[in-house]
Amino acid sequence: MRAKSSKLLIGLIFLLLASVTMTGCGKSGTRFNNTAPTIKITSYEGFDDSATYSSQDTLIFQQKIYWHANDPDGVIAGYAYRVLDAQDNPIATPGNAFIDTDGSITPPNVLNTHGSGWVIHYLPGADTTIPLSNPEARRSIWTSQKYAVINFPASDANGNPLPKLSTFEVIAIDNRGDVTANAAWRKFNSTSNRPECTVITTKGNPNGGAVGSGVKLSLSMRDSDPFVDPVPWYYEFKLQKLDMQDNVLETTDWIRTDSPNNPKLNEYLLTRDTTPALSYDFTNGTQVTKTRVLGRAYDLSGVVSDENQNSSKLLFAVKDGFKPKALIYGQKVHGVGDNHYLDYAYDDQKTPAEIMPFSVTNGKVRYAIPMFKDFNGKNTAVNSNNFKLWVRWGWHGEYGKVQSNGNIDYNDVTPYDKKVDTVLNYNVSNSTGNYYSEITHFDLRFNDQPYNFPPYATYIQVDNDGTRWLRIPLNSVLGQGIVLNNMPSGHHKFELRVVDLQNVPSDPVVYEFELVDPVPVASRTGILIVDDDAASNATSPEPFTTDYYNALFGDYSGTKTVVRLPDVNLDRRDRRLSFSDLQNYKMVVYHSDNIQSKGTLFQDCDAMVLYMQHDGNFMVSSSSQLSGMIGDMVTLNQQSFLNALGITYSTTSVASGGSLTTNPYFQIGKGQLGFGDVNLRLTAAGEGTDSWVNSIISARQGLGAITLFNNISGEAIFKYGCKPTTSTTFPPTQDQFNTLNDKTVGVRNINGAGRAYTIGFPLTYMQFSDSKAVINRILSECGLL
C-alpha cells in the first residue's frame with residue numbers, strides 16, 4: 001500500500017514539471033513587464049499638433065482643461081500638470097501658484113523624461129495651514145483630479161493687456177510607478193481685457209469728508225472678460241497726502257493686499273499704528289491737508305486696472321475727536337426665575353413677534369419678562385436660585401429705518417429696525433455723525449470686575465487708571481449678549497464699552513439692578529393702597545377720594561401706604577408696580593373709581609399676578625371701565641391675572657352695565673356669602689365720607705357705569721341690585737330689570753394662602769358705612785383684623 005502511494009506521488013510531480021516546462025517554452029522572462037499609461041486632453045479649446053494657429057487666434061485667459069488617461073495593465077494612480085511660457089519655461093499661475101521648480105519633490109523618472117516645474121498639491125489629509133512653499137508641508141506633484149482651471153498670463157511686465165502664448169502639459173502615473181512617455185499638451189494664446197477697480201471704505205465713500213483715525217479700505221473689481229467671474233488676483237494701493245490744492249505732498253509705494261498679515265484680500269485696515277499709517281488732516285479744528293488712496297486691481301491674467309480712474313480714487317480727511325457710543329437695549333433685557341416670570345407667552349405690542357427666553361419648572365413653562373422698576377426707580381427682580389438675566393447690547397448707529405429717499409432714521413432704543421451697521425459719533429444722531437468706522441470689540445465688566453468668561457480669560461484690557469475689562473472681539477461666541485446667573489441678592493452692575501477701528505473705546509454704559517430676597521408671607525406687613533384715579537371734580541374729586549380710602553381702612557392698625565400711579569416710574573413695559581415692592585405688604589388694594597377714566601390695570605398686572613401667585617391678598621375697586629381693562633387683558637394674553645381674580649379668560653366674561661348717563665339702574669350691591677349690602681350714595685350728607693355725590697347720579701337715582709361678570713371661576717360676593725320698575729325716576733323696563741338684576745358684580749377667588757376680591761362698582765360712590773363694612777369683612781377674611 002505504501003509503495004503504491006509513493007508511485008502515485010512521483011507521477012503527480014512529473015506531470016507538474018512537464019506542465020511548467022510546456023507553459024514556459026519559448027518565453028524570454030518578460031512576462032511581468034509593465035506597460036506605461038497614456039494620456040490625452042479631452043477639452044476642445046487650445047491648439048495641438050493637429051491644428052495650426054496664428055497670433056490672431058486668441059482665447060480668454062481662464063480655461064478649464066479636462067484629460068483622460070489609460071493603463072492597459074493596471075490603474076491610473078495620479079496626474080501631474082504644469083504651464084510653460086512661450087520659451088517652454090515652467091511658470092506659476094494664479095490658483096496654481098506653487099510649482100516644483102528645482103525638482104526636489106519630482107520623481108526621478110519624471111525629471112529624466114519631462115523635467116521639473118510641475119504644480120504642487122497637498123497630499124490627502126495634509127495640514128493645509130502649512131503653505132505649500134514650506135518643505136514641512138505634506139505635498140506632491142500628483143493629484144487625483146481629472147481637470148484643472150488654469151489662469152494663463154495675458155499681460156506684459158507692467159500689467160498692460162498683451163496676448164501671450166502658453167503651453168499646458170499633463171502626465172499620468174500608474175500603480176507601478178511608470179509615467180506616460182509623452183505628455184498631453186495644448187497651446188493657448190490668451191487674452192484679457194483691462195479690469196476696473198473701485199476703492200471705498202467698508203462703510204461707504206466719505207467723498208472727501210471727515211473720517212476717524214481708523215478706516216478699513218474696501219476694494220472691488222469689475223471685469224468685462226466673457227465667461228469669467230470677476231475674481232481679482234490681488235489689489236494694490238497707495239496712500240497719499242495732498243495739500244488743499246490737491247498737490248501731492250507725500251506718497252507711499254504700491255502696497256499689496258495679499259500679504260500674509262492681511263486677513264482679507266479685498267480689505268485693508270488703516271490706522272495711526274498700521275503700515276502705512278494715517279495722520280490727521282486737521283490742526284486746531286481747521287483742515288490743512290487731505291488724504292487720498294489710489295487703488296488698482298490685478299485680474300487672474302495679470303492685467304492691472306487704471307489707477308487714474310475716478311472709481312480708483314478715495315478722498316477723505318482724517319480728524320480726531322470721534323468716539324463710538326455703547327448701548328444696552330432695554331427691550332432686550334429679560335429675566336426669568338421662580339419669582340420673576342409670566343406663565344404665558346406675551347406680545348407687548350412694542351416689538352415684532354418673537355420667542356421670549358423661558359425656563360421649565362416642574363413641567364411649567366415660565367417666560368422671561370423685563371426687570372421691574374421699584375418705587376425708588378431701581379431695576380429689580382425677586383431673586384431665586386434659578387434666576388437668569390439676558391442682556392443685549394449694541395452701539396449708536398447700529399439700527400435704523402431706511403426712508404424711501406435713502407436717509408436713515410437711527411434708533412437707539414430697540415434692536416428691531418433694520419441693522420444698518422453704521423458707527424455714529426457719540427454726540428450726533430444722524431448721518432452727519434458717520435465717521436466711517438466699525439466696531440471691533442466689546443469691553444465687559446460685571447460687579448466692578450472683568451466679566452468672567454473662561455474661553456477669553458486672557459483677553460484683559462487694562463486702562464491707564466488700572467480699570468480692567470474683558471475685551472472680546474465683535475464676532476466672539478458671546479455675540480452681543482450674555483446671560484447672567486448664579487447671582488446673590490443685592491446690587492449688581494453690568495458695564496459695557498464698544499471699541500472702534502481707531503482702538504478708541506466708548507464711554508461706559510451701565511445697567512444696574514437689584515435682586516431682592518423673597519419676603520415670606522409671615523414677614524409681610526401693612527397695606528399698600530394703589531391710587532389709579534384720575535382726579536376730577538365731577539367723577540373723582542380730591543382730596544375726597546384719598547380721604548375716603550384712608551377712612552375705609554381706619555380700623556386697620558397696621559401701616560397704610562398710599563401710592564399714586566401717575567407719580568411712579570415707568571419701566572420698559574410701562575409698568576409702575578414691581579413685585580419686589582408688593583411682596584412687602586400683607587394686602588394690596590387697587591382702586592380706579594373714576595367712571596370716566598379707564599385706568600391702567602392691564603399695564604401693572606405683571607407684578608400683581610406674581611404677588612397673588614405668591615400668596616398675596618389683593619383687592620380691586622372699579623367701575624364699568626374695568627370691563628374695558630379686562631378686554632385689554634384678553635387682547636394682551638394676560639390670562640394668569642384674570643385666572644387669579646377668578647374671572648374666566650374670555651372677552652365675553654365681562655360686560656359694561658352702562659355709563660354715567662345710560663342704564664342708571666344700579667342702586668345696591670347685594671351682599672353674598674356673608675357680605676352685607678352696599679348702597680349707592682344718592683344724596684350728599686354732611687362734610688365727611690358721604691359729603692360728595694355725582695349730580696347726574698343724584699338726578700337719575702342710579703348708576704349705570706359698573707362691570708357685570710358673566711363667567712367666573714371664583715365666587716360671587718355681590719349681585720346687582722336693580723332699581724324697581726315702579727321707580728318714578730328713570731325706571732327700568734321689565735326686560736331691563738330681568739336682565740340686570742342679580743347679575744354678579746363682585747367676585748372672590750382663593751389663591752393658595754391669598755385671596756383676591758374684584759368689585760365691579762366704585763366704592764367711593766357707595767355709602768361709606770356699607771363700604772367700610774365690606775373692607776372690614778375682607779380684612780377679617782385675610783387675617784388682618
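Me: Is Asp338 buried or partly exposed?
Reply: In this predicted model, Asp338 has a relative accessibility of 27%, so it counts as partly exposed.

Me: And Arg366, what does that count as?
Reply: Arg366 counts as buried, because its relative accessibility is 15% and the cut-off for buried is under 20%.

Me: What do the side chains of Arg366 and Asp338 form where they meet?
Reply: A salt bridge, at 3.2 Å from N to O. The two sit in distant parts of the chain, 28 residues apart: Arg366 belongs to strand S25, while Asp338 is in the loop between strands S23 and S24.

Me: How many salt bridges are there by this rule?
Reply: The count comes to 31.

Me: OK, give me another. What does Lys241 pair with?
Reply: Lys241 forms a salt bridge with Asp281, and their closest N and O atoms are 2.8 Å apart. This pair also links distant parts of the chain, with Lys241 in strand S14 and Asp281 in the loop between strands S17 and S18, 40 residues apart.

Me: Are those two buried or exposed?
Reply: Lys241 is buried, and Asp281 is buried too.

Me: What about Arg575, which residue is its salt-bridge partner?
Reply: That's Asp606, with the closest N and O atoms 2.9 Å apart. Arg575 is in the loop between strand S40 and H4, and Asp606 is in helix H5, 31 residues away. Both Arg575 and Asp606 are buried.

Me: Let's go back to H5. How many of its residues are buried?
Reply: 8 of its 9 residues, so helix H5 (605-613) is mostly covered. Among the buried ones are Cys605, Asp606, Met608 and Tyr611.

Me: Switching to the nonpolar cores: how many residues are in the largest?
Reply: 45, and those with the most contacts inside it include Val530, Tyr590, Met608 and Phe641. Several elements each supply at least two residues, among them strand S39, helix H4 and helix H7.

Me: Which element gives the most to this core?
Reply: H5 does, with 7 residues.

Me: And what does Met608 touch?
Reply: Leaving out residues up to four places away in sequence, Met608 touches Leu577, Leu582, Tyr590, Leu601, Phe618 and Phe641.

Me: How many residues are in the other core?
Reply: That core lies apart and has 44 residues, including Leu703, Phe768, Ile775 and Leu784.

Methods
Residues numbered from 1 in each chain as written. Predicted model: local features only at pLDDT ≥ 70, side-chain atom pairs only at ≥ 80, totals over all residues. Heavy atoms only, no water. Buried < 20%, exposed > 50% of the residue type's maximum accessible area, 1.4 Å probe, protein only. Helix = DSSP H or I, 4+ residues; strand = E, 2+ residues; numbered from the N terminus. Core = buried A, V, L, I, M, F, W, Y, C linked by side-chain atoms within 4.5 Å. Contact = heavy atoms within 4.5 Å. Salt bridge = Lys/Arg side-chain N within 4 Å of Asp/Glu carboxyl O.
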